[in-house]
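Reader: Hi! Could you walk me through this one?
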Amino acid sequence: MKNYCIYFLYLLLWILPNNSVQGQNTVTHISFANSNIRYPQNKLPKENQARKWFPTAWKGEKVHTQIVVWCTQDLPSLSVMASDLTNEKGEKIGFKNIRLGFLKYVMTDEFRDGCGYRSPKDFDSSLVEDPIDPIRNIHVDKNTLQPVWLSIQVPENCSAGNYTGTITVNANKLFKMEVHLKVKDHLLPPPSEWTFALDLWQHPAAVARVHDVPLWSAAHYNFMRPYYTMLANAGQKYITTSIIHEPWNHQTYDDFPSLIKWIKKKDGTWTYDYTLFDQYVSFVMSCGISKGINCYSMVPWKLSFQYYDEIAGKDTALVAKIGSPEYNTHWSAMIKDFTGHLKEKGWFPITRIAMDERPMEDMKAVITLLKSIEPNWKIALAGEYHPEIEKDIFDYVVASKFQFDSLALAERNRDKKISGFYTCCVEAKPNGFTFSPPAEHVWLGWYAAANGFNGYLRWAYNSWVKDPLHDSRYKAWPAGDTYQVYPGPWTSVRFEKLIEGIQDFEKIRILKKEFEQAKNTENLETLNKAVSVFSMETLDKISAQTMVENAKKVLNSF
């Protein structure tokens, strides 16, 4: 009878959850982890615990990693704190250069057919880590993985050398993590000087909605500023402006109203109110985005052009085919007036009339009309590659399956034109959906370098769905397709990895120039070989993570 009692006692202690005895044997898992992996919330990573991180960076570069925390009991207040990083001479990279944030999980789906309207019930859904919450502490449920995002912005003026410091994780007790940062004697210039032409489309109305403030109010502009500053710090070059109502036929959750008010007066003449356009463009420039103004669009997705009719006393619309007499008359008056206004503001040289995935015949009609009014108008197009109109397109961003003719590309580079590529709902990979492997966003920068592109476009920066911080799925297109950052503003794994790829593009460009000037053919050949493997065909055989990690070893060896 005594043996049975002892056996029952042991069995009771084994099955009781979170009892006092089990609490004395709490297991806590804390480790640096791979920033190219999305870790499931309900599964402990298989990797051995790593308490040391050995990043390599240039001066001016931002590097990042993850820390994962898992405990067999609740953590009421998990917090993480960084120390200064110090080199052997006592020089410091201050802790203010180190950012820590807790990764949150959002609902995602799957690619399957890519483009097209969809219902969540028809797709497999799951939770993935993506938004990075900058709060200082967080409650973590037992047996639940909590990733932490760690980034270091290396100062431009620091000395090359080895820097060490600690990351202190306060879980059920204090855990010390070591950072061993190697700063190379190379300088990455600030994002404002990057040559890479990044174009993530901004959506101002979405900011007003998530912050519940009136559109174009002072509060709206105050809320927009940190979003646009964060985008400028990623190297964004272009201001997205709508010169007509709903250029994309309201494919987004929020409205996309025109920044210009078109007014047809009672005597049949036209007037155009640029007040909002000027205010918005000036504001975005003040945030650090000032290289280009892209105006959407003379060829919208629905051929309907809204204006205010004074006789009718209401908004109405012209429905006309591109190139028709009605269309040309409607747009000629506006373009002539708009051209003069832009020249008065000093913005004409950086302004483009921009089109998105429009047929070549429509493009020809628009090109003819624009050039007849002002031959120096710049035109931007994101779409298929059409050699017939290539010379007329100043900013030409082709779908990822296309390439420029090599001779045309060389000529475009000489003329300092933008020759980029874009991804959208068409590509299963590489892409920036919430379920996409994070390394695919890094891969884009290497692909650009390998194929002679000097820019990347994606809609959109912040066209948020109804509840983006919890559910990234949308009625159309794979989850996360419409935005790369979150309300807050919060950055994301996707956005940080995109910046990483652009940094790599700039580092490749700088090193190639150095090697060419020094006639260092050995290093140049080694670098070119590492870059050359980045093709769509190779990505079908080798993962983006493997390709990026192997190539970075070469890049960091110089």
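Author: Happy to! Trp-216 and Tyr-221 are both buried (under 20% relative accessible area with a 1.4 Å probe, protein chains only; exposed is over 50%, partly exposed in between). This is a predicted model, where local features need pLDDT of at least 70, side-chain atom pairs count only at pLDDT 80 or more, and totals for chains, interfaces and linings use all residues. Numbering starts from 1 along each chain as its sequence is written, and side-chain values use heavy atoms, leaving out hydrogens and water.

Reader: How many aromatic pairs does the structure hold?

Author: There are 45, counting Phe, Tyr and Trp rings (the six-membered one for Trp) with centres within 6.5 Å; planes under 30 degrees apart are stacked, over 60 edge-to-face, the rest tilted. Trp-216 and Tyr-221 make a tilted pair, with centres 6.1 Å apart and 40° between the planes.

Reader: Nice. Which ring does the charged end of Arg-112 sit over?

Author: That of Phe-123, 4.4 Å from the ring centre. The charged end of Arg-118 also sits over the Phe-123 ring, 4.0 Å from its centre. The test is NZ of Lys or CZ of Arg within 6 Å of the ring centre and within 35 degrees of the ring normal.

Reader: Switching topic: which residues of H3 meet H4?

Author: Pro-204, Val-207, Ala-208 and His-211 in H3 meet H4 residues including Phe-223 and Tyr-227 (contact is heavy atoms within 4.5 Å). Helices are DSSP runs of H or I with at least four residues, strands runs of E with at least two, numbered from the N terminus.

Reader: And what stands opposite Asp-309?

Author: Lys-314, in S20.

Note on methods: Two strands pair if DSSP finds at least two bridges between them.
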